[in-house]
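Please open the model in a viewer and keep the selection panel at hand.

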Amino acid sequence: MIELKGLHKSYITGNNKLHVLKGLDLIIEQGELVSVMGSSGSGKSTLLNVLGILDSYDNGSYKLNNTLMSNLTEKKAAHFRNNMIGFVFQSFNLISFKNAMENVALPLYYQRVGRKTRNKIAMEYLDKMGIKDWAEHMPNELSGGQKQRVAIARAMISKPKVILADEPTGALDSTTSLEVMDLFREINKSGITMIIVTHERDISEKTNRIIQLKDGIIESDLISKN
Amino acid sequence: MFDTDKWQEIYYSLKQNKLRSFLTAFGVFWGIFMLIVMLGSGNGLQNGVTQGFGDFATNSVFIWTQRTTVEYKGFPKGRFFNYNNADITAIQKNIKNIRYLAPRLRAGGFGGGDNVIRGLNSGAFQISGDYPAMNLIDPINIDKGRFINDIDIEQKRKIVIIGTRVQEALFEPDEDPMGEYIRIQGVYFKVAGIFSSKKSGEQGDRENQGIYMPFTTLQKTYNYGDIVGFFAITAYDNVSVSKVEEETIKLLKQRHLIAPEDDQAIGHFNVEKEFKQMKGVFLGIDGLIWLVGIGTLLAGVIGVSNIMLVIVKERTKEIGIQRAIGATPVKIMSQIITESIFITAFAGYIGLVIGTGLIELVSFALIKFEVDSNMFRNPEVDFQVAVTALLILVISGAFAGFIPAKRAVSIKPIDALRSE
Ligand SMILES: Nc1ncnc2c1ncn2[C@@H]1O[C@H](COP(=O)(O)OP(=O)(O)OP(=O)(O)O)[C@@H](O)[C@H]1O
Ligand SMILES: [Mg+2]
């Protein structure tokens with residue numbers, strides 16, 4: 001499903017070059033529930049952005065669903081993001097002028113699904129997330145937990161192969177965090193690969209595999225019992 | 001299909017900063033408004049001045065006599081001379097490319113005493129002796145009856161064609177002048193026609209106070225012998241009247257023993273030259289209007305482009321989110337360009353409507369209050385110009401949006417997402 005070989009990534013700022021990912025080798029199979037941990041600045045977000053084709057890499061290779069992700073045109077990248085990948089961000093990243101339902105329906109808009117159809121599907125996903133009653137509300141009228149549920153529904157609506165979540169519970173209290181994790185486990189059971197970046201041990205303990213990053217290399221990669 | 005999401009986003013984007021959106025739109029509005037008003041006024045000016053010409057054959061020349069200024073063949077300088085009937089035949093015989101030749105002789109006129117009498121009414125009017133061709137060179141509207149014909153000339157018939165102002169002065173409003181008689185120089189003339197001028201303003205007014213009679217009749221009535229006052233000549237359409245003018249003057253100089261180098265002895269007025277000069281002036285005015293108008297419009301469009309850049313910058317993060325969940329660059333660009341075209345076309349359309357409205361209003365007022373001016377008449381905007389302007393707006397709106405749209409998709413999605 002996801003296959004990294006000798007992946008390198010540096011940031012260039014002015015005259016300085018910061019080597020962030022230093023040759024990662026990693027294979028994640030379809031349907032896995034993985035968490036990525038590591039201290040601040042270890043390169044977790046960088047890795048996730050490369051996996052999500054939001055950012056490029058310098059050396060090595062990244063294959064998603066057996067397709068090499070390099071030198072993609074922005075149009076192709078958009079197409080892959082739209083069809084294969086769902087994103088959940090720490091800061092939710094909802095579109096402020098669209099209500100909950102319209103936010104969820106947005107990926108289908110880019111697939112040219114008609115407004116009626118996509119809104120109907122969006123309502124089904126909001127129902128699954130348990131926030132159907134909030135469908136008409138604007139993002140600034142929702143709590144953090146509700147916003148993240150909207151974001152998760154949006155990530156799921158295009159039936160992606162993989163959902164990438166960068167500290168999805170970082171802005172939530174612990175009870176809400178655990179509720180969100182339960183949702184993720186639920187989604188994972190339907191066969192969608194989940195990769196979750198987190199700092200919190202009790203979050204990573206809910207996943208089946210924990211990858212530990214340190215200074216841009218994989219320090220450990222453990223399959224957990226559950 | 002109507003794309004609700006697209007228009008929702010445009011509405012949101014413009015609503016964010018209402019004053020800014022308004023001012024931006026106003027720039028475009030003003031540009032197109034000015035262009036339309038200036039074009040309309042330019043047309044008004046042109047209509048006013050060309051209406052003064054009536055249906056005047058523009059490839060015409062007038063030739064009259066003045067005083068000689070050069071001694072020649074024993075004649076002193078300062079000599080007066082007259083054209084005569086023999087000149088008519090000579091010109092017709094020797095000069096090629098003349099389409100119409102109309103000799104004319106005049107009597108009476110403004111400032112003189114009353115020269116036309118009918119019963120108890122009388123008036124001072126300009127009386128012209130004309131050939132039928134005159135109505136082809138400097139045409140008038142024959143409202144009733146007819147103009148002079150060849151038989152009138154041949155038989156020296158005592159008939160007149162009178163202008164509307166002459167009719168008003170000599171006849172009662174409910175009277176029909178046709179077939180009635182008026183007295184000129186003690187001779188009775190039958191009214192054979194009534195005319196009105198095709199010209200506007202003062203010129204038209206003066207023409208309407210005129211009386212036409214056959215050329216030969218006037219020579220006889222006023223005892224002018226075989227004198228000709230002046231010649232009006234029209235050349236064929238594909239020939240420049242200047243050449244005909246030159247040849248005719250040369251011939252007349254020979255016939256009246258005038259020094260070839262004496263340029264003062266023969267007066268002449270070339271309508272074609274005059275008309276061309278006027279055309280040139282209007283072309284210049286038109287060019288200036290477009291230059292200034294397009295300049296103003298361009299300033300407005302650049303304003304739109306700038307604001308779109310600012311909007312794109314403000315909305316970088318949102319655009320980043322949209323790209324992260326699958327919006328293609330084309331989608332993003334089309335969104336921004338549509339917004340840009342929308343502002344430009346919308347504001348421009350309002351400018352177009354209000355501008356044309358103003359022009360129509362002025363036009364209406366001019367007619368309503370019967371303003372009849374030689375300088376300004378019937379300002380108008382071509383429908384074609386309006387459509388062109390709108391087309392220019394849409395295209396320039398697209399251009400205005402293009403650079404900001406390119407900017408929006410030029411940064412990596414991740415950088416867009418990270419921005420605050
Ligand atoms: N756009 C960028 N330009 C330059 N340097 C960057 C950029 N993004 C990240 N970095 C640097 O790369 C390193 C890795 O950053 P990254 O965001 O991947 O860390 P992280 O593991 O996600 O940390 P955190 O847990 O704090 O989110 C950091 O030192 C960071 O300063
Ligand atoms: Mg991070």
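Which residues of H1(B) are buried? They are Asp5(B), Lys6(B), Gln8(B), Glu9(B), Ile10(B), Tyr12(B), Ser13(B) and Leu14(B), where buried means under 20% relative accessible area, exposed over 50% and partly exposed in between, with a 1.4 Å probe and protein chains only.

Before continuing, a note on conventions. The model is predicted, so that local features need pLDDT of at least 70 and side-chain atom pairs count only at pLDDT 80 or more, whereas totals for chains, interfaces and linings use all residues. Residues are numbered from 1 along each chain as its sequence is written, chains are lettered from A and ligands numbered from 1 in the order in which they are written, and side-chain values use heavy atoms, with hydrogens and water left out.

**First selection: helix H1 of chain B**

Select residues 4-15 of chain B, which form helix H1. Helices (H or I, at least four residues) and strands (E, at least two) are DSSP runs, numbered from the N terminus. The expected span of a helix is 1.5 Å times one less than its number of residues. For the 12 residues of H1(B) this rule gives 16 Å, and the end C-alpha atoms are 16 Å apart, which agrees.

Next, display the surroundings of this helix. The buried residues of H1(B) pack against two helices of chain A, H3 (100-110) and H4 (115-128). In chain B they pack against H2 (18-51), H10 (271-314), H11 (316-324) and H12 (329-368). Contact here means heavy atoms within 4.5 Å.

Arg115(A) and Asp5(B) form a salt bridge, with their closest N and O atoms 2.7 Å apart; the term denotes a side-chain nitrogen of Lys or Arg within 4 Å of a carboxyl oxygen of Asp or Glu. This pair crosses between chains, from helix H4 of chain A to helix H1 of chain B. Asp5(B) is buried at 3% relative accessibility, whereas Arg115(A) is partly exposed at 29%.

In chain A, 28 residues are in contact with 25 residues of chain B. The two chains bury about 2400 Å² between them, 57% of it on carbon and sulfur atoms; buried area is the accessible area (1.4 Å probe) that two parts lose on being put together, summed over both. Phe97(A), Tyr109(A) and Tyr110(A) supply 28% of the area that chain A buries against chain B, more than any other three residues.

How many salt bridges are counted between chain A and chain B? The count is 5, and over all chains it comes to 32.

Select Arg20(B) and Glu314(B), whose side chains meet in a salt bridge at 2.9 Å, N to O. The pair links distant parts of the chain, Arg20(B) in helix H2 and Glu314(B) in helix H10, 294 residues apart. Arg20(B) is buried, with a relative accessible area of 15%, while Glu314(B) is exposed at 52%.

Then move to Lys199(B) and Glu207(B). Their salt bridge has its closest N and O atoms 2.8 Å apart, and both residues are buried.

Gly229(B) lies in the loop between strand E12 (227-228) and strand E13 (230-235) of chain B. This glycine is partly exposed, at 25% relative accessibility. Not counting residues up to four places away in sequence, Gly229(B) touches Trp64(B), Tyr83(B), Arg104(B) and Leu105(B). From Gly229(B) to Asp382(B) the C-alpha to C-alpha distance is 44 Å, and the two are 153 residues apart in sequence.

Most residues other than glycine have a negative phi. Lys159(A) has a positive phi, near 50°, and is found in the loop between helix H5 (144-156) and strand E7 (162-166) of chain A. Lys159(A) is exposed, with a relative accessible area of 62%. Finally, select Asp215(A), for which phi is also positive and near 50°. Asp215(A) is in the loop between strand E9 (209-214) and strand E10 (217-223) of chain A.
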